[in-house]
Amino acid sequence: VQLQASGGGLAQDGGSLRLSCAASGLPFSSGTMAWFRQAPGKEREFVAAFRWSGTSSHYADSVKGRFTISRNRDNDKNTVYLQMNSLKPEDTAVYFCAAAPKRVIVSAIPSQSSYNYWGQGTLVTVSS
């Protein structure tokens, strides 16, 4: 199983960035993918997620209306994106993609313990 996150960098307040997570080695037909983030000195927190078998997405209240999670499945390649618009300095964090090989129930989607696999993280810095 491999999760490779990329796309982090420096953005200005109000700017945009798109993160990518290249995923392989999982049974994606029934799995769940998510993005989490960890700001300096803070605990890791849920950002967004979807289940491959469903059509709905789930977001933390702090990013609703600004961030969009999406997916692309092309043969054996599965890529998950996080489009981040209207960025704020408080969005500064290391962003991690995570995967579960099963359909996580809605109430458990924001929980880190629901996910078995994690990418290495990509740093997003938003300057004011």
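Four strands line up as an open sheet in the order E1-E3-E8-E7, with antiparallel pairing. Strands here are DSSP runs of E with at least two residues, numbered from the N terminus, and two of them pair if DSSP finds at least two bridges between them. The edges belong to E1 and E7 (67–74), each with a single partner strand, so one side of each is left without a neighbour in the sheet. On average, neighbouring strands of this sheet are turned by 15 degrees against each other, direction ignored; the axes behind that angle are lines fitted to C-alpha atoms, and angles run from 0 to 180 degrees between N-to-C directions. All of this comes from a predicted model, in which local features need pLDDT of at least 70 and side-chain atom pairs count only at pLDDT 80 or more, while totals for chains, interfaces and linings use all residues. Residues are numbered from 1 along each chain as its sequence is written, and side-chain values use heavy atoms, leaving out hydrogens and water.

Going across the sheet, E1 (residues 2–6) meets E3 (residues 17–24) over 5 antiparallel bridges, with Leu3 opposite Ala23. On to E8 (residues 77–84): E3 pairs with E8 over 7 bridges, again antiparallel, and Ser20 has Tyr81 as its bridge partner there. E7 and E8 also run antiparallel, joined by 8 bridges, and Arg71 stands opposite Val80.

Cys21 is joined to Cys97, with 2.2 Å from S to S. The pair ties together distant parts of the chain, since Cys21 sits in E3 and Cys97 in E9 (residues 93–100), 76 residues apart. The link is right-handed, with 65 degrees about the S-S bond. Both cysteines are buried, where buried means under 20% relative accessible area, exposed over 50% and partly exposed in between (1.4 Å probe, protein chains only).

The largest nonpolar core has 39 residues, and Met33, Trp35, Leu82, Met84 and Tyr95 have the most contacts inside it. Such a core is a set of buried Ala, Val, Leu, Ile, Met, Phe, Trp, Tyr and Cys residues joined through side-chain atoms within 4.5 Å. Strands that each supply at least two of its residues include E4 (32–38), E5 (45–51) and E11 (122–127), but the largest share, 6 residues, comes from E9.

Leaving aside neighbours within four places in sequence, Tyr95 is in contact (heavy atoms within 4.5 Å) with residues including Leu19, Trp35, Val47, Phe67, Leu82 and Val124. Phe96, in E9, counts as buried because its relative accessible area is 11%.

Thr92 counts as buried because its relative accessibility is 18%. Its side chain reaches the backbone oxygen of Pro89 at 2.9 Å, and a polar atom of that side chain lies 2.9 Å from the backbone nitrogen of Val126. Polar contacts are pairs of N or O atoms within 3.5 Å; within protein, one must be able to donate a hydrogen and the other to accept it, and residues adjacent in sequence count only if both atoms are side-chain atoms. Beyond four places in sequence, Thr92 touches Ala39, Pro40, Val124, Thr125 and Val126.

Terms used: A disulfide is a pair of cysteine sulfur atoms within 2.5 Å.
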